[in-house]
Amino acid sequence: MSLSAAHSSDTSSRRRRPPEHTQDLQWEHDSQAGHNHEQIHDRLCGVPQTHSTDTPSSHHSICPALCTTKCMPAHACPNHHTCDDSWEEIQSKRTIRAENEVEANKLVNNYRFGFRKWKSHVTERPFEVRSEVVKELYSELNVIKPYSGHLITFGNVAYVLLFGWWVSLAYFLIGLLMYITITGVPYGKLCWRLSCYFLWPFGKSIHEIGNTLRRCCDQAPDCECNLEGTADNSPVLLPSPTEVPIPELPGRPLHTPYWHRFSTYVWLLLGYPPLVVIHSLACFLSWILVFTIPVFKMNARTLGVILLLAPEDVSVSTCTQRKHQVYETRALLCCYHAANWYYYKYTVDGINVFAVNLLPLVIVAMVIGYIDRENQYASSDVKFAIAICSIIPLSYYIGMGIASISAQSNFAVGAVVNATFGSITELTFYITALIRGHRAANPCLQEVVKAALTGTLLGCILFIPGVCMIIGGLKHSEQRFNSRSTGVSAALLFISVGGVFAPTLFSKAYGNLVCDACTNSTGGNSSGTFVCHNCHYDLNNGTLFRNHVEPLVYTVSVLLPVAYLIGLIFTLKTHSHIYDIHVGEGRETGHHGAVVHWSRWRSLVILIMATVLTSACADLVTEHIQPILNQPNISQYFIGVTVLAMVPEIPEIVNGIQFALQNNISLSLEVGSCIAVQVCMLQIPILVLFNAFYDVGFVLLFSDMHLWASIFSVILVNYIFMDGKSDYFQGTALVVVYLILLAMYYFAPSPAGC
């Protein structure tokens with residue numbers, strides 16, 4: 001196939017792309033990567049971008065294998081060593097396009113080796129360039145738009161069952177109350193109209209009537225001002241920001257001002273307060289459900305605007321009837337759908353709505369954890385669950401703060417912030433657990449910490465890449481990544497696992513096996529078989545541990561960060577061509593005045609506050625974890641490798657899945673690899689250093705299950721990543737192996753003495 005044919009094929013494929021995703025490919029996604037392989041190859045080979053007219057046979061006779069696959073002319077490959085690069089490597093070279101310089105800096109940092117990957121934008125994106133799907137999420141409900149779809153949908157029916165019937169019933173009862181007061185009859189009529197509206201609000205609209213209509217009714221008081229029956233060829237009604245006052249006719253009685261009416265105060269004292277409770281409850285429930293945020297907007301606007309207007313100024317009609325009206329009105333509310341699946345993208349000040357909704361859990365955890373010390377209102381199990389879940393939004397805020405500071409600073413500052421705060425969530429929990437276990441003389445917490453470390457390692461090596469491969473493979477069939485850059489991470493994983501478990505292997509080679517109880521199973525025969533229980537390697541004899549194992553631990557703890565630093569220098573300095581990133585000069589040049597969600601100082605303050613709150617939540621987790629560990633049917637190993645290891649990594653899992661959906665599997669794999677490398681090369685050495693200054697009894701010796709599970713996982717993931725391709729089958733293999741290891745931990749007995 002010729003290059004022009006390939007180009008036309010690629011153009012046609014782009015034309016077949018759904019329109020709702022075309023703009024978001026460059027503006028909504030963090031990858032922002034243009035995969036024009038022909039242009040990349042031309043740049044590498046140093047030739048202008050021209051279409052070839054040569055025959056395929058001439059290509060095969062002169063160019064290397066890669067160039068024949070790309071069907072480039074012979075003169076396009078003067079440097080054979082450049083064209084000999086693997087196709088995966090060239091595919092990984094990408095041009096990043098961003099809205100502004102800050103976003104471009106943040107995206108480049110995302111591709112740097114050793115940096116944790118963050119998905120969220122750090123600047124406000126221009127609303128006019130967002131996709132129609134995203135625009136719909138942030139649109140207000142005071143605009144009447146043409147709509148020809150079906151109003152009977154699953155979300156609208158669910159609204160009636162979850163909200164509509166009881167909100168409508170409340171309006172009906174309050175309308176009866178207003179009729180009883182006599183003076184509140186106009187408000188009673190309004191409540192009954194709104195009762196019908198909130199039972200099924202879809203396709204209906206609420207308007208504020210202006211002075212023109214009131215003057216019409218004053219001139220003809222005996223007529224029935226039927227708004228619904230009026231027809232005209234006016235354009236579709238749009239909201240008017242201001243209402244031009246029209247003077248009343250002379251000689252006509254003026255309306256009593258709103259705040260000079262007795263009925264207004266009757267309404268505000270008897271009718272409005274219960275509706276405040278009703279609408280506030282509806283707002284809370286619809287916001288928590290996220291996908292029903294349109295219901296939140298509808299209730300909030302009713303409570304803050306509509307119910308504070310004079311009853312004669314509120315009109316309810318269908319949107320189709322309002323298309324052709326001649327009266328002066330202002331659209332207040334019009335809704336077609338109660339739910340929207342895409343609200344998982346909704347952000348508040350750059351913060352995802354799920355992180356916003358989970359943030360109150362931190363306050364709840366603080367209150368019930370430090371005030372209810374006697375467990376009178378909540379059990380330890382409930383406190384543990386709330387405290388561990390509250391770490392999720394705090395991890396998100398820490399990541400957002402790191403991304404904001406890195407995007408607005410130079411590389412050195414960004415590297416320091418990323419290395420300092422990137423592992424702060426896990427380190428806070430580990431150190432808190434070790435201190436509490438040391439003070440309570442409870443060695444089980446040390447084993448739980450080791451299980452959490454191993455669980456994080458296994459989850460980042462197997463589960464995160466596996467899930468990303470499955471989800472990305474289901475959408476994109478087959479995805480490619482840079483096998484050479486992934487090989488750097490794989491090599492560091494081998495070094496990491498070898499260094500972390502070296503003291504364990506050393507102790508097994510030279511330690512003395514000691515058993516607590518041995519019995520003769522042959523009835524006293526000295527040459528018979530003995531059955532021993534609670535066997536372990538003796539490290540307390542003062543010679544092996546202090547003279548051999550402990551120096552080895554300190555040596556490994558020094559060498560691992562050095563290896564991490566060498567990896568950074570290799571990928572960021574001497575061999576940065578592996579990550580050949582070029583920030584494009586495309587559409588971002590038109591938005592120099594970027595508005596950053598969080599400034600550097602605000603990000604730093606949020607980082608410090610989130611770190612302090614994470615420490616408090618970790619303290620509550622370790623305080624109330626003992627009843628969970630005492631469960632007879634669940635191994636303590638299983639609790640450590642699942643809940644304690646993976647809950648803080650949920651934001652990272654979400655980031656990896658989003659990268660995979662954007663066909664950027666390279667970043668998805670780097671998410672897990674980066675965490676695993678930081679666990680072995682930064683977090684564990686920091687724990688060893690902490691134990692050297694404050695002896696909490698942390699010994700870098702792991703059980704056999706931790707040892708062999710980690711080694712097997714590293715070997716498996718390196719085999720999977722060997723060919724530079726991924727699909728859902730390979731992802732399934734990784735996830736299944738991870739689940740098998742979890743089953744082993746679930747049925748494993750708890751550590752000795754626990």
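1. In this predicted model, the bridge partner of H207 is A331, which sits in β5.

2. For the protein as a whole, buried residues account for 50% of the 754 residues. The secondary structure consists of 30 helices and twelve strands.

3. On contacts: taking those between residues at least 6 apart in sequence, 80% join residues at least 24 apart.

4. The accessible surface of the protein is about 34500 Å². Carbon and sulfur atoms hold 64% of that surface.

5. Which residues make the nonpolar surface patch? W165, L169, F172, L173, L176 and L199 do, and the patch has an area of about 560 Å². Helix α10, residues 154-180, gives the most to this patch, with five residues.

6. F172 is one of the patch residues and lies in helix α10. Its relative accessible area is 39%. Patch membership requires over 30%, and buried means under 20% while exposed means over 50%; F172 is therefore classed as partly exposed.

Notes: Residues numbered from 1 in each chain as written. Predicted model: local features only at pLDDT ≥ 70, side-chain atom pairs only at ≥ 80, totals over all residues. Heavy atoms only, no water. Patch = residues over 30% accessible without salt bridge, like charges linked within 9 Å, V, L, I, M, F, W, Y side chains within 5 Å. Areas by Shrake-Rupley, 256 points an atom, 1.4 Å probe, with all protein chains shown as cover. Salt bridge = Lys/Arg side-chain N within 4 Å of Asp/Glu carboxyl O. Helix = DSSP H or I, 4+ residues; strand = E, 2+ residues; numbered from the N terminus. Buried < 20%, exposed > 50% of the residue type's maximum accessible area, 1.4 Å probe, protein only. Contact = heavy atoms within 4.5 Å. Pairing = 2+ DSSP bridges.
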